[in-house]
Amino acid sequence: MSAYAALTRATYVASVRDRTTLFFTFAFPLAFLVLFGLIFQGQHVDGGLSSINYIAPGVLSWGVGNAAVFSVGFALMQWRRDDLLRLIWRTPTPLRTLLASRWTVALGVALVQTVLFTAIALLPFFGLRLDGPWWAAVPLLVLGVTAFLAMGLVVGSVADSPEAVAAIANIVMVPMAFLSGSFFPDDLMPGWLRTVAKVLPLHYLNDGVTDAFGGRGDLGDIAVDCAGLAVFALVFGLVATRIFRWSNRP
């Protein structure tokens, strides 16, 4: 427990001290929420759902996934390059403790993002209405953070420089945001692209949070999205544990 507490504290302190990380974690996604909220204010998407009830969950899901992937990807690469991971490896600290500390901080960040995004979207100017079982967003966020954290572990394990982390993560996350409908309704895409989106984890997080906030689906639909995220978390987690490296040295 002492190792877990120390690693969690170190991860938290490193996160709050980095202004660039804070900007891209909170302010940058929030700017998308405000921008799209202004552009599509008062409009509705197919099915009669208010545009803000579609935009807010989509941007929130993308922000949560983006933060999890980039934060752990950069940290893992940096700690390995600076030989911090090798020093941790020489202590009695197991890999699961290191991962648990990263997961705890990532989940805390996701919860803060959710509260902040939801509070702003609920302002009368934007008009978000929580017409669904909003509490069901909690397990979705937990599973979503787990899946994207595992993806970030894969990125951080194969990349050996900040440029490589940024390139790999952006190649993965930017197309996924558009294909999964984070910024516009996926009903506007061709059928084959909607099929492709179903093999992306962000699709399930987007759909689940939209159902939970906007009442578009029921608890059965949300359960399917939770199951999809659990599968991705398992797959990426298995891959990450197989390719994880404590050091860049051979």
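Helix α9, which covers residues 201-214, has 14 residues and reaches 20 Å from its first C-alpha to its last, close to the 20 Å expected at 1.5 Å a residue, where the expected span of a helix is 1.5 Å times one less than its number of residues. The model is a predicted one, in which local features need pLDDT of at least 70 and side-chain atom pairs count only at pLDDT 80 or more, while totals for chains, interfaces and linings use all residues. Residues are numbered from 1 along each chain as its sequence is written, and side-chain values use heavy atoms, with hydrogens and water left out. Helices (H or I, at least four residues) and strands (E, at least two) are DSSP runs, numbered from the N terminus.

- Just after α9 comes Gly215, which takes a positive phi of about 70°.
- Helix α3 has 31 residues and reaches 44 Å from its first C-alpha to its last, close to the 45 Å expected at 1.5 Å a residue.
- Because 27 of the 31 residues of α3 are buried, α3 is largely enclosed by the rest of the structure.
- Asp83, which follows α3, also has a positive phi, near 65°.

**Annotated spans**

- The unreviewed UniProt entry gives the annotation "transmembrane region" to residues 21-40, 60-79, 100-128, 134-158, 165-184 and 222-244; UniProt positions are given in the numbering used here, feature names are shortened, and annotations may be inferred rather than shown by experiment.
- Residues 100-128 are 76% helix and 0% strand, and the end C-alpha atoms of this span lie 34 Å apart.
- Residues 134-158 are 88% helix and 0% strand, with end C-alpha atoms 37 Å apart.

**Pockets**

- Rolling a probe the size of a water molecule over the atoms shows where empty space is left.
- On a 1 Å grid over the protein atoms alone, a cavity is a set of points where a 1.4 Å probe fits but cannot get out, whereas a pocket is an open set with protein on both sides within 12 Å along at least five of seven lines, and lining residues have an atom within 4 Å of a point.
- The largest pocket holds about 690 Å³ of space, and of the 27 residues that line the largest pocket, Asp18, Thr21, Phe70, Ser71 and Phe74 are the closest to its centre; grid points are joined across faces, edges and corners, and a volume is the space filled by probe spheres set on the points.
- For the largest pocket, α1 (2-17), α2 (19-39), α3 and α7 (162-179) each supply at least two lining residues, and the largest share, 10 residues, comes from α3.
- The lining of the largest pocket divides into 15 nonpolar, 10 polar and 2 charged residues, where Ala, Val, Leu, Ile, Met, Phe, Trp, Tyr, Cys and Pro count as nonpolar, Asp, Glu, Lys and Arg as charged, and the others, Gly among them, as polar.
- The second largest pocket has a volume of about 280 Å³, and of its 19 lining residues, Ser15, Phe26, Val105, Ala106 and Val109 lie nearest its centre.
- In the second largest pocket, the largest share of the lining, 7 residues, comes from α5, and the lining divides into 10 nonpolar, 8 polar and 1 charged.

**Cavities**

- The structure holds 3 cavities of 30 Å³ or more, and about 60 Å³ of space lies in the largest cavity.
- The largest cavity is lined by Val72, Ala75, Leu76, Trp79, Leu85, Leu98, Leu99, Arg102 and Leu153, which divide into 8 nonpolar, no polar and 1 charged.
- Helices α3 (51-81) and α5 (95-121) each supply at least two residues of this lining, and the largest share, 4 residues, comes from α3.

- Leu153 is in helix α6 and counts as buried at 9% relative accessibility.
- Not counting residues up to four places away in sequence, Leu153 touches Val72, Leu76, Leu99 and Ala240, where contact means heavy atoms within 4.5 Å.
- The C-alpha atoms of Leu153 and Ala240 are separated by 5.7 Å, although these residues are 87 residues apart along the chain.
- Ser157, in helix α6 (residues 137-158), counts as buried at 3% relative accessibility.
- Thr114, in helix α5, counts as buried at 11% relative accessibility.

Conventions:
Buried means under 20% relative accessible area, exposed over 50%, partly exposed in between (1.4 Å probe, protein chains only).
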